[in-house]
Every structure is written in structure tokens, then in C-alpha cells.
Amino acid sequence: MGIVQTLNLVYDYITRDEYDNEIKIRAIDGLDIDVEKGQFIVVLGRNGSGKSSFAKHLNALLRPTSGTVVINGLDTSDKKNKWSIRQEAGMVFQNPDNQLVSQIVEDDVAFGAENLAVPTDEIRYRVNKALLSVNMTDYRMRAVNNLSGGQKQRVAIAGIMAMEPECIILDEPTAMLDPVGRREVIESLRKLNLEKGITVILITHHMDEAINADNIFVMDKGKILISGKPSKIFANIELLKEAGLEVPVVTELAYELKKEGIELPEGLIYEDELIEEVVKLYKR
Amino acid sequence: MVLELKNIQYKYNVGMSSEIEAIKDVNLVIKSGEFVGIIGHTGSGKSTLIQHFNGLLKPTGGEVLCDGEDIFDKKYDIRRHRCNVGMVFQYPEHQLFESSIIEDVCFGPLNKGLSKDDAYKAAKKALSLVGITEDLYEKSPFELSGGQKRRVAIAGVLAMDPEMLILDEPTAGLDPVGRDAIYKLLTELCAEKGIAVVVVSHSMEDMAKYAKRLIVMYRGTVLFDDVPNEVFKHRDELEKCGLTVPKISYIMDKIMQAGVPVRTDIINMEDAKEELIRVLTGFKNYGK
Amino acid sequence: MSNITIGQYYNVNSIIHKLDPRVKLFGTLIFIVALFVANNSVSYAIITFSLVAVIIASKVPFIRLIKGMKQILIILIISSLCNMFFVKSGNTLVHFGAVNITSGGVIKAAYIGLRLIYLVIGTSVMTLTTKPSDMADGLEKSLGFLKVIKIPVHEIAMMMSLALRFIPTLMEETDKIIKAQTARGADFESGGLIRKVKNYIPILVPLFVSSIERALELATAMEARCYRGGVRTKFRPLKYNKTDIIAYGVQILFLAGIICANLLS
């Protein structure tokens, strides 16, 4: 069994219409996901596909209407597991401004560890390590308000790292960032995954953040539309477009060329592969 | 309508130790019917620059002329000018405040001095342009989805019937479907109504695809001002400013370096496809 | 607008800046008590001497200290005048119709004026040398005993520091909304009072909505980071060092001095 597992997860939320009648809306509709420790997972889906509700289940911020969510052996529907789950599976949100609590960078990074009642000396050690892991050591005494969006998100990631989780879940962390900020955040995540073996679950609608994932889940209308390795996912261009997503530039170009009768293999996603194939065709 | 910026200079915190010159001697002319993209690294001065177009910021040097008249002249009606040059800020949905969508969209036209009936008509027209259907008019704007809210906010500006529309990252935070809807709308406004559209964006792909003219801001000055094809030829300079060129250009460049003689001034998918087909199959199959 | 400083913290490195916030809070309290019990020139002399010594040690320019005085100038003048006109003791200095100013009145007025001025300067020294966040920490720790009577001291301190964190963000937001509505032709100047208040609705409603959204998101983020109220350790625990102990000693000595001086008269 993997570190994150959901079994037939269903989540309904209730809203009211103009006549004050209760309406049930199914945000998640029978989700089965199994994530192994150390993987880099990307969940793709358009706005309203249920991907954010899914993320909140992994952190016990939401509880399933039916089905189960198990994080590192802990069932999220059991209330007494709540705090251990949040320590094991840290969460970073979309808006960098609305998740930092302290005025000073290092105080903010310490916040989660303080809440876990970690001894002071240990917090200091963890804060240093966490800041280093996202390359923010030079900014430790800076005011949070004067940082760029990408820097703020890296501080938020460091704050989770200081809680020493097994897994980190990010709900569209790059949606509000400029290209430089996006690159900084994705590079930090990749580093944490490769060097520290942290399991990363990245929720996004930016395709280019997905091409190096170990596994991709594409969500639409609360369900998994398709899942698998990037090469498999991006071979299904029509399906992705139907789900309101786009495909990486390389894949789209290959797809367009194939449509015109150029012989290229299925599911090209890396630049080098495409160039190699084009060179082969040209030399022929 | 012709909007002209003449030797614009803008300083923040004038006279203080923290004085910063955000805009240095910028000259620009923007005319009706143009679709202009503005790109630049965060802090390059692009957001400060566009706030001069409708007089939200008064330049510390130089002048802003609308059809030859100085908009900061005491006799000039600057509130009218602001209705003529519509401005859509980043995350414009944060400015919605009325209890119903239709009332919110009426806010601009009413400020412009229209009667209630005329304002309602203008609002209806703007909402239909952005694709908000009549059954939603009486709903609270806060009940809508993110993409819908954004379109209502844009309608709030369009309802003032501007001749020029300025948008600061209008697609930030939207998914591909929402983004395409916004650009489709802007392209139509520009082509069919002759509205000048000015878009600030971080996406080189979007700019390559939609802009007819591209302005590159760097440290408060205009570094390039040309058609996108020409601007993106300056790859090294753009990279030095913390910018990039569209991904497809990088790919074409690498293909060329790998020994396949393709053109490298290509900035969109269509052209890339045609060029590769041309090179790989020879002219005979071109266009098949 | 983003580089605005919160409170009036004056950033230099001095012995007073380095003191534990609890010491400074206690010192300010003692100082206020001393001001209100002081009743003769000797005790005022001790207070003046101590205040000047602290100011010099704090390295805060004198001009910054008297800046706070502007706001209380009117209160200062009114209370001094009241004392001058209504206290009747000692010799009559001026007699003009119903107005009778006595030497006792003038002395009393001078003391009251001085007391107010010292009060403002004394508390300013505290706020100028202590970061707002440290102040919140200091208050939380020194008022911890109030938890016994169910006052949520930790929560109040947390709210204080969150408010400080979000003030610049909300200022930026306000600025942005004002610009956005101005661009839609809004007019904030014209009209009578009611009209003017109405003009601000397009700013206040979005600001209110976004503040609530922020608050909700922040609460979720804090919960996700295992925040559950008081049971937590501190990254920067307040710890007394030698200087703090000495400072407490000096403060006690100061109070003893004032009491002795008062007994003299």
C-alpha cells in the first residue's frame, strides 16, 4: 500500500438555491488513487474539476462523504488522526499572501514546528535546514511582505518542510506567479523530491509542470479521466482537450505533424526526442 | 482615437531617500484598432506605464495626449477620458461590489452620466459580449465561478463603451478554457469594433499568438516596439531582461542546430508545422 | 505603500532595544505609577533624570520622541489651563474680574503638564524600541496569568500579530481597489456628507469581501499547519539574561527612590 491511498472516495457539498432549498453537489465522484512513497505526482484538471477538494482530503481538511482516504496508514475519517495526518502530509495553497502568518521569513517557517511543540533548539535546526532546501537562507530575516510571489511560495514550502512531513501536497501553487516565480517553485519541489525523497503531489493546470512527473492523474467532473506516465497521458491529446486542458508544446507539435502524415512515434513529450526524430526523418 | 505618451517619466516617493524612477523617458503612440502586447520582467515598469494611459497616475515629467489634447490640462475632462480608456486590473473580480451582476455592470455607465435606462442597455450589451446570459443578471456576482466573475468585471469596463481597453494580465489564474475565452473576446473587440486593446502579459505564447504589436519594457524604458516576429528575433537581449521567447521558437532553433535547415524566426504552432512539413517532405507535398 | 513601517519602531541597536519586552512593559508600568504618585520636586527630579538616561541609552533621536506630542497638545493645554484657573492656593498672582490665578494653581498646572508630557515620552520610548511582534509576545507571556480567569491571552496575542502581518497587504489592496473604481469613473470627492459616505461603498464592499476571503484562507492554512491554539513551543522563546535582571533591579530602585522622595515632603 502506498503513502497516499483513496478508495472509492466520494465528496458531496451542500449549497442552497434561491428558494433556500438544499442542493447536493458532487465534487468528487468515486476516486481511486494510490501514490507510492517518493513519487512526484501531478494532478491535472480544469477549474471546477474537483482537484482542490481532492487536495483538501489528503490533509484531513475535508472528510469523505463515503469511501476512505488513508495517509501513511492513517485513516482521515478518524478524528484523532487529524494532527498526525497534517504533520505527515503538509499542504501549500494557491495564494501566497493568505498562508503566511508571521512578518519575518524565519518566524513563519518555524510556525508549523512550533505548533507541533518541537523543542526550541530543534526548531532552529529545522528552520535552517528548511530554508536551505528551498534556497531562501539569504532572506531569513526579511519581511514577508517585501518578497516576490515565488519567494513567498518557497517560504510556505519551507514552513511545511520544517514539520518534517513524508509528503507535500500543493494546490495550484504557481497559478498566481510570474514565469520566474513558477520556475523557482517547481525547481524547489523537484529538488525536495530527488534529494530528500519527499513525496510530492502537485495540483496544477500548467502542462509543462507535468512532463517530468512519475505519474499523472487527469481529473474531470470529480472523476479520474485517465492516469499513467506522462508519455501515455500526452498521447491522448483529444481526451485532454476535451477535459479543458492543453498539451505541452512538443507534444502538440508532434501531434500536428502526425496529422499531416509525418511519421512520428506516439506520445512524444521531451524536446530531445522530438528533435532526434525530426533529424532521423530529414536524413532519410 | 490616438493616445500619445510624450517623454513620460514617473518617479515614486519623490524627494525621499526611497525615490525610484519607475519610468524613464517613454514615447508611445497607440491608435484605434491596434492590438498591443506589453511584456517585461516583474518590476520593469509595465504596470506603472499603463496607469498613465487613463490618467490614474500623473507623470512626474512629460505629457499624455489624447487626440492631441493634454489629459492633465485643467480644462480637460479626465473622468470622461477614464471612461474612454477602460482599464482592467489584475484579478478585476476583486472590484465587484453590487448585490446583482447587472447593477455592478451599470456602475460605470452611471458614473459616466447615462440615465438608468441607457445604463441598463449598455450593461446588457456588455454582458452579452462577454457571454453572460440573461438568467444570471439578478444573481450576486459572488455566486459565480472564477472565470465568470472575471468576465463580469470586464463587462463592467466594456459597458462604459471605451475606445481603448487596457488589461493587466487578464488571464492570470484562469485555466486554458477561461484564457482562450478572454482572448477570443479581445480579438473580436479589436477586429469588429475597432477598440484599441493593450494587454500586459507574462505569456510569450499568448503574445505571439494574439498581439499585432509588441512592446518590451525593461527598467522603465521601451526596449523594443515592433511586430512580435521581429521582437522575438532578439532572443539574447530578451533573455538578458529575464524574458524568454515562445517555446516553439526554442524548439525550432534546436532543430536547426541539429542540422535540419528550418527557419528560426517562427513564433507559433501553425508556422512551425508548415515549416517542418516543408523541410521534411519537400515542396511537393506542401499544403497537402 | 508596501514599505510602510508598522507602529513607530525605530530600528537601531541599543541596550534598551535588546531588553526583553516584558522588562520594558514592566518598566513602563512602574514609570506610569511613579508619575502618578510623584508629589514634589525631588521625585520629579528623579523621574526627569531617569527618563533622560533611558532616552540617551535608547539612541532614539529626541525629535522622534516629541513627534507623538502633537496629538496631545490640545489636551495638554486644556488641562493645564483648567488647573491654572481653578486651583486656588498660595498667593494670588493675577486678579482680573472673576479670574484669579494663584501661585499654587500655576505650580499644579506645571506639574500636570509635565506629567502628561512625560507619560507620552515614556510610553513612546517603549513603542520606539520594541518591535510590535515582540510586544505581542511580551504581552502574551506577562499576562499569561489571566488565562486562569479564562481570558484567551494567547489568542489575543496571535490576533495582534496576524493583524500586523496583514496591514500592509490590506493597504495595497485598498490602493488597488480605489484605482480600479476610479478607472470605472467613480468619484470620491463631490457631494454632501451622505453622498460622500455612499461614494465609498464601492471600495468598502470589495475590501470587506476580500478580507473575509483572506481570513478564511488563512484559517485553513493555519489549521493545515497544525495550529490548534495554546499548546505550542516557541522558536524565539523570551528568555531573561543578565541585563534584564539588572534592569528589573534598577526599576525597583527607581520606584523605591520615588517613594522615599514622596515621604520627604
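Colleague: How much area do chain B and chain C bury between them?

Modeller: Start with the general idea. The size of an interface is often given as the accessible area lost when the parts come together. Now the case here, in a predicted model. Chain B and chain C bury about 1800 Å² between them. Carbon and sulfur atoms account for 58% of that. B:H94, B:Q95 and B:F97 supply 30% of the area that chain B buries against chain C, more than any other three residues.

Colleague: How many residues does each chain bring to the contact?

Modeller: Chain B brings 25 residues and chain C brings 18 residues.

Colleague: How many salt bridges does the rule find across this interface?

Modeller: The rule finds two between chain B and chain C. B:R79 forms a salt bridge with C:D187. Their closest N and O atoms are 3.3 Å apart.

Colleague: Which helix of chain B gives the most to the side that touches chain C?

Modeller: Helix 3 of chain B does, with five residues. By kind, the residues on that side of chain B are 12 nonpolar, 10 polar and three charged.

Colleague: Now a strand. Is strand 8 of chain B mostly covered or uncovered?

Modeller: Mostly covered: five of its five residues, 196–200, are buried. B:A196, B:V198 and B:V200 point one way, while B:V197 and B:V199 point the other way.

Colleague: Which strands pair with strand 8 of chain B?

Modeller: Strand 3 of chain B runs parallel to strand 8, joined by four bridges. Strand 7 of chain B also pairs with strand 8 in the parallel sense, over five bridges. Look at B:V199 in strand 8. B:G37 is its bridge partner, and B:L167 stands opposite B:V199.

Conventions:
Residues are numbered from 1 along each chain as its sequence is written. Chains are lettered from A and ligands numbered from 1 in the order in which they are written. This is a predicted model: local features need pLDDT of at least 70, side-chain atom pairs count only at pLDDT 80 or more; totals for chains, interfaces and linings use all residues. Side-chain values use heavy atoms; hydrogens and water are left out. Contact means heavy atoms within 4.5 Å. Buried area is the accessible area (1.4 Å probe) that two parts lose on being put together, summed over both. A salt bridge is a side-chain nitrogen of Lys or Arg within 4 Å of a carboxyl oxygen of Asp or Glu. Helices (H or I, at least four residues) and strands (E, at least two) are DSSP runs, numbered from the N terminus. Ala, Val, Leu, Ile, Met, Phe, Trp, Tyr, Cys and Pro count as nonpolar, Asp, Glu, Lys and Arg as charged, and the others, Gly among them, as polar. Buried means under 20% relative accessible area, exposed over 50%, partly exposed in between (1.4 Å probe, protein chains only). Two strands pair if DSSP finds at least two bridges between them.
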